[in-house]
Amino acid sequence: MLNELTAHFVKLGAQLAPGQILRIDVDDIDLAGRRVPTNGTREVRTVSGATDWPRINLEFELESNGQIARSGKVELRDMGFMDRSNRYYDGDTLRFEKPMITEWFHAMVAPRQHYASR
């Protein structure tokens, strides 16, 4: 799971402008759903949406051309994760967490440019 989380942050970081560096320390992560043991070697994650929304606490620092542009501690929560469309496939371990992280990234770290149509 940590490798997948790291890969997602790296993918998002690739969208940064040249000269920008993003550092992230994940302090705590609580995946959506609950793990249920099975008779096999894997656990199954069940998701009801009631009180088992995804949660991630992290600290970030965005450096731009050698200067700290933004930084902070963030508590990501997505209580409405079951009500949104999700582009990640069912087998993705971080299916519910990735949209929450991506939304935070584009809102706080690297806002997307929106151009008015003429």
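In which helix is Thr102 found? Thr102 is found in α2.

## Basis of the model

This is a predicted model, in which local features need pLDDT of at least 70, side-chain atom pairs count only at pLDDT 80 or more, and totals for chains, interfaces and linings use all residues. Residues are numbered from 1 along each chain as its sequence is written, and side-chain values use heavy atoms, with hydrogens and water left out. Helices (H or I, at least four residues) and strands (E, at least two) are DSSP runs, numbered from the N terminus.

## Thr102

## Packing of α1 and α2

Helix α1 (residues 2–13) packs against α2 at about 30°, with the axes 11 Å apart. α1 is therefore roughly parallel to α2 (angles under 35 degrees; over 145 is roughly antiparallel, 65 to 115 roughly perpendicular, the rest oblique).

The contact (heavy atoms within 4.5 Å) involves Leu5, His8, Phe9, Leu12 and Gly13 of α1, and Lys98, Ile101, Thr102, Trp104, Phe105 and His106 of α2.

## The aromatic pair

Searching the whole structure gives one aromatic pair (ring centres within 6.5 Å, the six-membered ring being used for Trp). The ring centres of Phe60 and Trp104 are 5.2 Å apart and their planes are at 80°, so the pair is edge-to-face (over 60 degrees; under 30 is stacked, the rest tilted).

Phe60 lies in strand β4 (residues 55–64) and Trp104 in helix α2 (residues 97–109), 44 residues apart, so the pair links distant parts of the chain. Both Phe60 and Trp104 are buried.

Notes:
Buried means under 20% relative accessible area, exposed over 50%, partly exposed in between (1.4 Å probe, protein chains only). Axes are lines fitted to C-alpha atoms, for helices over the stretch in contact, and angles run from 0 to 180 degrees between N-to-C directions.
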